[in-house]
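Here are a few notes for a first look. Please keep the structure open while reading.

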Amino acid sequence: MMDVERALNRLRALRQQRLSRSRSEPPRAESELLFDEEMLARLRRLVLLSRRSVAEGIAGEHRSRRRGSSPEFADFKSYSPGDDFRRIDWNIYSRLDELFVRLSEVSTELSVHLLVDASPSMVWQGSVDGPDKFVYARRLAGSLAYVSLWHFDRVTIAPFGAAVGSPLGPMQGRAQIHPALRYLTMMPSLEGTDVAGAAARYVSERRKAGLLIVISDLLSEDGATMRGALRHARARGWQTTIVHIVDPAELDPAALFQASETGRSSIELIDAEDGARLRIDSTPDVLERYRAAVGQWKADIEQACSEEDSDYVEMRTDLPFESLVLHRLYEAGVVA
Amino acid sequence: MSGLSLLAPIGLIALLAAPFIIVLHMRHTTPIEQRVPALRFWRSAAPVTTVEARFQIPPLTLVLILQVLAAVALALALARPAVSLGIGDLMSRAEPQHLIVLLDGSSSMAAMDAPEGVSRYEAARDLAIGRLGGLGDGDTATVVLMGTRMETFQASDLPAIQALSRELAGIALPGGMAEVDAALQLVADLDLPDVRERIVLVTDGAIAVDPSIAEQIRVPIELHQVGEPRSGNLALTEIVSRPSVNRPGEQDLYLQVSNFGDDRQRSTALIVADGEEFYRENVDLPPRSASDIVVLGIPEGTRTVIAEVRSSDPLFADNQATLLLQARSGFGTRVLYVGDTLSHLYRALGVIPGVSIESISSMESLQGNLPPGPFDLVVYESATPKPEDFPDTPMLAVAPPRDSVTPAIGVMTAPELARVRAHDALLRGVDLTGLVVREAPVHELDSTAVEIAGAESGPLIYRTQRWGPEQPAVVITFDLEESNLPARVAFPILIANAVYELVPAPVPATVALGSSIAYTPQSGATTIRIIDPLGSTIDTPVRSAKDDGAFEGASREARSVTFTSTGSSGIYSVQELSGDGRVLDGAQFVVNAGHAEESDLHANADLDASLALAGSGTEEASRSLHREIWPLLLIVAAVALLLEAGWALGSRRRPAIPNATPMVGRGAK
């Protein structure tokens, strides 16, 4: 009975907390757009997959390749000086006359760091049918945070532009799911953009390494700068995953040339980052050169990630999020 | 544009559609603004940028040309353009025309502010000659030159028109004031049958037109304005003198300097007396103002004073003014007195200014011993000549012997004043109340006589032209010495009035620019010679009754000479010549250019409105002068629009760029 009363009291407290929050905060329509229940339920079945166990802590739900001393048997290994005598399997010694140490699996927690690009270039969409890149990136970050927190991983979320903004976390536990989603909903756009610099500074400022997931359109970077940033993180023991948010119109901006149909001969392009202007003539040659430049740039980025043992995932904003995005993450090994 | 007029000019507002169309085309040339996440790939794709200007002149496409053409044609059609002389003549010359040119020859036209450094008058004259040059066979022309006097020149065929053009080229500015209203009234009376009338007014605009007179004109008046309509001018508009109050013999001079411009003027006024500088003063005149300058103590004996205000305005003639101090009238009134020199009448004549008297006794008169003439007036007191010896001059007869002047039918003893001719010039300032006369003959008046004052039985004072209009006479029937009239204040006034009425008018000392002078010369003068400031001599014969029987029964004003050529400023010399060419007398008068109206060079802002009334009520006449061309413009506009529509349809059939999908991104504008 005491447990039931405690549970009821806690529910009352949560209800009161939600009511007070609903009075003081603006409508969260965007949050509702970011995540619905169906997608969240699907996310619950996913577990973040880490190819490298990187940190230990209290009871995480990830299986670690690192053998530890838990009661759950994992394997044997030959004894070597320094091993815990208590882990020697004396039965095997009696049969084989050789010392083996009994290894057990260690359940580890995973430190997940979500760096979300909040630069002005992210606040752009090529079509009214889809979300802009910033919404898409936050939705993606929310999904990853949800899965991580559901499985008791330690999650830190931080926006970045030219510098890293105020982070949320580290946080752990399913109770942090809603604060994390609310944080993403309210995440502001920041000035400037420097993906490599922000990632390098973020890694440098953290004492423990973890899984760093950078969600960005990467427009400020090229292959060389990305390679440098990834090398810097790798050297400090971080596992990095680059999620490249791409709007289809960035890859093929043919619609811009529709202007020629109205009789106008040129288009004035305005940089979303700094407002710089560029007048171009609407000729097919220009479009072809643009496509070639974008293709080369993407290839350089992907090559840099591959060289630095970093996962690279391209996410087009026209992909249906609930199905294709998660499938894509699964294929890329980000979730399992 | 010569020959093209707009009957509804407000329709030109529609011309605003043309720039609107151009702006719309500029919008097409203005690049679409497209917000993109980054420019880095675009920079590599299009490294060479084109024109950076946001707004550019649209390319001169066929569509633009056609659209602008249609808009302009429609706007002009709304303004109801009508072609007349020039263009109309190109189309057809079926009807002869009568061109009437009203040429402003007023003093303000001397201003040198017309283009190419010519005066307003020269520019106007050239323009008038140009209009005459546009006439052809069958046309007639009338040029009315408005100045001191209105001169009219007419030509009824092409050679005469060409001769008129040549003559007009040699006519100098007459000066004075342009009597535009009189000219318009003259034009209103010119109605040649079967011709189209065109009236052209060439002026600097510094004139006024009576709208009621303009309304009488049947056809529109075409106004051509010459000169700068807002020219400023500094002028000496008045110069007078009077005897000094405190210094006997000296004169005090009064000047008025006027600024007719819109700007403040600072200048120096200079007074030169008989060729030597006498006085200098700086003047500071606000816009549209006048200032008085008083110069005291012009020395006795000074003959000429010249005032000058230094300015570089377009009209420099009125920057100087002259005043003759010693020549108010060179022509003194010469009076021959026949009678007793100790009489009151003789003394009364002697105090009249400008009158010089020579006297003889009645006996000498009867003997024919007359002093050498001529005389302006002969006064008989108690004496008369024989009827056949009556002088060829006006006459004042006082107490003439019975039946010598007018037949007497009786005698009035102590006649009392019973009748007075009110407001007669002879009685100006004269009060005859209380007149006492001992005895007076009863004269029997003829039809030429007018009684001025009379008793119950007959006249006491009358005027008559019994001996013709050349010899008017005033008769006082009673003996002055046997009345109380000489003792009354009215007596010298009455005598002075009689003299002023009977003798010729003197030449004035100063005359306003362009004003005419009318006076009656001495009786012996047969020719009046006037030498203007430029040295030109004008001889005017003096007509007499003997020359022209038409003068019989007319007034003596028929001998009056009117001189109108006072359009030049300066000193004019006047000489009266006898029949044998001998100079009888001489005098001078001055014409100063400064004028309260002619020195104001500003154009009359209401002139257009006043002239617009001309022909306003004669739509038929207006139509006969104008051929509307709006249907032609509508056709032009329709053709242009059809061509534009055809081009637009043709362009839509051209294929679009493949794979082009609508760009509706948030950054798209």
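1. Start with a caution. This is a predicted model.

2. Helix H10 of chain A covers residues 284-307. Its 24 residues should span 34 Å at 1.5 Å a residue. The end C-alpha atoms lie 35 Å apart, which agrees. Just after H10(A), A:Asp309 has a positive phi of about 55°.

3. What covers H10(A)? Its buried residues include A:Val286, A:Tyr290, A:Trp297, A:Lys298 and A:Cys305. From chain A, the cover includes helices H8 and H9 and strands E7, E9 and E10. Helix H2 (40-45) of chain B is also part of the cover.

4. Look next at helix H6 of chain A, residues 177-185. Seven of its nine residues are buried, so the rest of the structure largely encloses H6(A). Among them are A:Ile177, A:Arg182, A:Tyr183 and A:Thr185.

5. Now the charged pairs. Over all chains, the structure holds 28 salt bridges. One of them joins B:Arg120 to B:Asp113, at 2.8 Å from N to O. Both B:Arg120 and B:Asp113 are buried.

6. B:Asp424 deserves a separate look. B:Asp424 pairs with B:Arg421 in a salt bridge, with the closest N and O atoms 2.7 Å apart. B:Asp424 counts as buried because its relative accessibility is 6%, under the 20% cut-off. B:Arg421, at 40%, is partly exposed.

7. B:Asp424 also forms a salt bridge with B:Arg463, at 2.8 Å between the closest N and O atoms. This pair links distant parts of the chain, 39 residues apart. B:Arg463 sits in strand E24, and B:Asp424 in the loop between strands E21 and E22 of chain B. Shared partners join B:Arg421, B:Asp424, B:Arg463 and B:Glu501 into one salt-bridge network.

Note on methods
Residues are numbered from 1 along each chain as its sequence is written. Chains are lettered from A and ligands numbered from 1 in the order in which they are written. This is a predicted model: local features need pLDDT of at least 70, side-chain atom pairs count only at pLDDT 80 or more; totals for chains, interfaces and linings use all residues. Side-chain values use heavy atoms; hydrogens and water are left out. Helices (H or I, at least four residues) and strands (E, at least two) are DSSP runs, numbered from the N terminus. The expected span of a helix is 1.5 Å times one less than its number of residues. Buried means under 20% relative accessible area, exposed over 50%, partly exposed in between (1.4 Å probe, protein chains only). Contact means heavy atoms within 4.5 Å. A salt bridge is a side-chain nitrogen of Lys or Arg within 4 Å of a carboxyl oxygen of Asp or Glu.
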